[in-house]
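Biologist: Could you walk me through how to read a helix and its aromatic contacts in a model like this one?

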Amino acid sequence: MAVLRVLTGVVAVLVISSCSSSRPEPSATPSSPTSSPPSASTSSAATDAAQEAKAQAVALIPTYLETIDDLYLDPSRPLDDVYQVAVAPDAVVEATAIGKFHAQRYQQTGRVQLVSASVDSIDLTSDSAAMPSPAGPTVIVTACVDVSQVDAIDTTGRSIVPADRPQYLVEQLTVVNPRYPDQSSWRVSMASNAQAQSCGG
């Protein structure tokens with residue numbers, strides 16, 4: 001019954017601009033502006049940045065799942081702890097679901113297990129004008145999660161989880177970093193999942 005979410009990514013783009021002085025220089029012959037192709041070092045830096053972002057986003061997933069489990073398992077833990085690993089709209093969705101779960105006095109037993117996580121796409125550009133909030137670098141991650149050890153029981157001690165529930169959830173998570181390049185600022189912003197019999201796709 002635990003609510004689970006997992007990652008994805010987008011196309012990495014690193015825009016590097018150089019500024020030059022605009023002061024006019026006296027010259028007998030006007031010169032036409034020329035553009036030079038991106039250097040190998042620029043391309044290498046963009047590739048390195050993309051690889052680092054992918055690794056950081058994927059590294060968030062186990063912590064994200066563990067935090068969500070912790071909130072389901074411990075009703076005394078403040079729901080605001082979800083913001084350690086998520087931002088709106090996912091943080092609101094998770095906090096609401098967990099609050100309702102505890103309000104019905106359900107109890108979770110067991111924890112989820114992350115089986116795999118892979119990056120689908122990455123986009124390192126930012127959009128300060130995005131609505132409802134500024135959009136930072138984004139990584140889309142697909143994760144497969146084993147939920148077979150997770151149960152939820154009501155006040156009578158009976159399981160509320162269907163007996164034929166599939167063993168896995170395949171989740172697609174949108175991971176954003178509003179304070180990029182701060183490595184500790186990656187958060188899940190959106191998550192969707194589907195039940196599955198295996199992680200084979």
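Biologist: Which are the buried residues of H2?

Modeller: Bearing in mind that this is a predicted model, the buried residues of H2 are Asp90, Ala91, Glu94, Ala95, Ile98, Phe101 and His102. They cover an arc of only 125° around the axis, which puts them on the same side of H2. The general idea is that an α-helix has 3.6 residues a turn, so residues three or four places apart point the same way. Lys100 and Ala103 are exposed, and they sit on the face of H2 turned away from its buried side.

Biologist: What span should the 14 residues of helix H2 have?

Modeller: At 1.5 Å a residue, helix H2 (residues 90–103) should span 20 Å, and this agrees with its end C-alpha atoms, which are 20 Å apart. H2 is followed by Arg105, which has a positive phi, near 60°.

Biologist: How many aromatic pairs does the structure hold?

Modeller: The structure holds three aromatic pairs. In one of them, Tyr72 and Phe101 have ring centres 5.0 Å apart and planes at 85°, and since planes over 60 degrees apart count as edge-to-face, that is how this pair is classed. Because Tyr72 lies in helix H1 (residues 40–73) and Phe101 in helix H2, the pair ties together parts that are 29 residues apart in sequence. Tyr72 and Phe101 are both buried, and together with Tyr106 they form one aromatic cluster.

Biologist: What is the geometry of the aromatic pair that Tyr180 and Trp186 form?

Modeller: Tyr180 and Trp186 are edge-to-face, at 6.2 Å centre to centre with 75° between the planes. Tyr180 counts as partly exposed at 30% relative accessibility, whereas Trp186 is buried, with a relative accessible area of 3%.

Conventions: Residues are numbered from 1 along each chain as its sequence is written. This is a predicted model: local features need pLDDT of at least 70, side-chain atom pairs count only at pLDDT 80 or more; totals for chains, interfaces and linings use all residues. Side-chain values use heavy atoms; hydrogens and water are left out. Helices (H or I, at least four residues) and strands (E, at least two) are DSSP runs, numbered from the N terminus. The expected span of a helix is 1.5 Å times one less than its number of residues. Buried means under 20% relative accessible area, exposed over 50%, partly exposed in between (1.4 Å probe, protein chains only). The arc is that of the directions from the helix axis to the C-beta atoms. Rings of Phe, Tyr and Trp (its six-membered ring) pair if their centres lie within 6.5 Å; planes under 30 degrees apart count as stacked, over 60 as edge-to-face and the rest as tilted.
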